Amino acid sequence: MPSRIFLLSPAWCGGKRAAVLLRAAATFPLATRLRSETGVPLGEVFSFLSGLYFRGKMAYAREFAQPLGGETGMYVITPTRGLVHPDTPVTVADLEEFGAVDIDQDDARYTDPLLRDVGRLKSSVPELEVILLGSVASGKYVEVMADLLGETLLFPSEFVGRGDMSRGGLMLRCVKENRELTYIPVAGAVRRGPRPPRLERIR
């Protein structure tokens with residue numbers, strides 16, 4: 001059976017929530033920890049910036065990722081540093097760097113580090129399947145990695161037609177039910193579709 005690694009799409013580091021977090025006068029715990037020398041785990045910061053969607057991705061990947069020798073089984077795509085484990089500490093300077101670069105498939109500051117790290121994973125883990133927990137409707141992730149990964153770049157088919165909040169809620173429900181989604185190759189897949197029925201409220 002092929003080995004699997006989850007790649008989590010990033011939170012937007014140039015928005016209003018990032019501005020709140022980076023405000024010098026901010027005194028809430030996450031902001032003060034971010035200004036410290038030790039920083040804050042990347043996954044915790046992105047969960048604050050993105051809310052339900054990134055929390056869902058984090059919880060899902062932690063539940064279903066496989067440890068692969070020296071690899072961790074899950075990484076976060078970043079705007080400037082390729083693939084970073086969510087437990088890696090980041091500081092104000094790191095977040096400002098991320099916020100200065102858009103996730104754009106034509107920007108080498110984003111694509112070069114990403115392709116470097118994806119290539120390293122592919123060469124170090126035999127029969128690797130890469131599962132993208134992020135949008136496949138745009139080319140900012142898929143088109144960058146498609147040539148390198150081909151049929152081994154997968155995504156959950158249940159993501160088609162869902163918005164960010166719906167995907168986040170779906171993944172949190174899967175964790176609660178210990179149920180994995182259905183992974184299919186991005187190549188040749190229908191990446192846009194009708195909106196599925198709304199998720200039932202968790203009681």
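**Helices, cores and loops in a predicted model**

Reader: Let's start with a loop: between which two elements is Asn 178 found?
Author: Happy to begin there, keeping in mind that this is a predicted model. Asn 178 has a positive phi of about 55° although it is not a glycine. The loop that holds Asn 178 runs between α8 (164-177) and β8 (183-185).

Reader: Is Asn 178 buried or exposed?
Author: The cut-off for exposed is over 50% relative accessible area. Asn 178 has a relative accessible area of 55%, so this residue counts as exposed.

Reader: Which residue with a positive phi follows α3?
Author: Helix α3 covers residues 42-50, and its buried residues are Leu 42, Gly 43, Val 45, Phe 46, Ser 47 and Leu 49. After α3 comes a residue whose phi is positive, near 70°, and that residue is Gly 51.

Reader: Which residues touch the most other members of the largest nonpolar core?
Author: This core has 37 residues, and its largest share, six residues, comes from helix α4 (residues 52-64).

Reader: How many residues are in the second core?
Author: The second core is separate, and it includes Leu 68, Tyr 110, Val 130 and Phe 155. Its number of residues is 24.

Reader: At roughly what angle do the axes of α6 and α7 cross?
Author: Two packed helices are described by the angle between their axes and the distance between the axes. Here the axes of α6 (residues 108-124) and α7 (residues 139-149) come within 10 Å, and they cross at roughly 40°. That angle makes α6 oblique to α7. The crossing is right-handed, with an angle of roughly 40°.

Reader: How do the residues of the contact of α6 with α7 divide?
Author: From α6 come Tyr 110, Thr 111, Leu 114, Leu 115, Val 118, Gly 119 and Lys 122, and they meet Lys 140, Tyr 141, Val 144, Met 145, Leu 148 and Leu 149 of α7. By class, the residues of this contact are nine nonpolar, two polar and two charged.

Reader: Which residues does Asp 117 touch, not counting residues up to four places away in sequence?
Author: Asp 117 also belongs to helix α6. With a relative accessible area of 8%, Asp 117 is buried. Beyond four places away in sequence, the residues it touches are Arg 81, Gly 82 and Leu 83.

Reader: How far apart in space are Ser 9 and Leu 22?
Author: Ser 9 sits in the loop between β1 (3-8) and α1 (16-22), and at 3% relative accessibility it counts as buried. Not counting residues up to four places away in sequence, Ser 9 touches Tyr 53, Phe 54, Lys 57, Leu 133, Gly 134 and Tyr 141. In sequence Ser 9 and Leu 22 are 13 residues apart, and in space, C-alpha to C-alpha, they are apart by 21 Å.

Reader: What is the distance in space between Arg 33 and Pro 126?
Author: Arg 33 lies in helix α2 (residues 29-34) and is partly exposed, with a relative accessible area of 35%. Setting aside residues up to four places away in sequence, Arg 33 touches Gly 39, Val 40, Pro 41 and Glu 44. Arg 33 and Pro 126 are 93 residues apart in sequence, and their C-alpha to C-alpha distance in space is 39 Å.

How values were computed
Residues are numbered from 1 along each chain as its sequence is written. This is a predicted model: local features need pLDDT of at least 70, side-chain atom pairs count only at pLDDT 80 or more; totals for chains, interfaces and linings use all residues. Side-chain values use heavy atoms; hydrogens and water are left out. Axes are lines fitted to C-alpha atoms, for helices over the stretch in contact, and angles run from 0 to 180 degrees between N-to-C directions. Helices (H or I, at least four residues) and strands (E, at least two) are DSSP runs, numbered from the N terminus. Angles under 35 degrees count as roughly parallel, over 145 as roughly antiparallel, 65 to 115 as roughly perpendicular and the rest as oblique. A crossing is left-handed if the near helix is turned anticlockwise from the far one by less than a right angle, and right-handed if clockwise. Contact means heavy atoms within 4.5 Å. Ala, Val, Leu, Ile, Met, Phe, Trp, Tyr, Cys and Pro count as nonpolar, Asp, Glu, Lys and Arg as charged, and the others, Gly among them, as polar. A nonpolar core is a set of buried Ala, Val, Leu, Ile, Met, Phe, Trp, Tyr and Cys residues joined through side-chain atoms within 4.5 Å. Buried means under 20% relative accessible area, exposed over 50%, partly exposed in between (1.4 Å probe, protein chains only).
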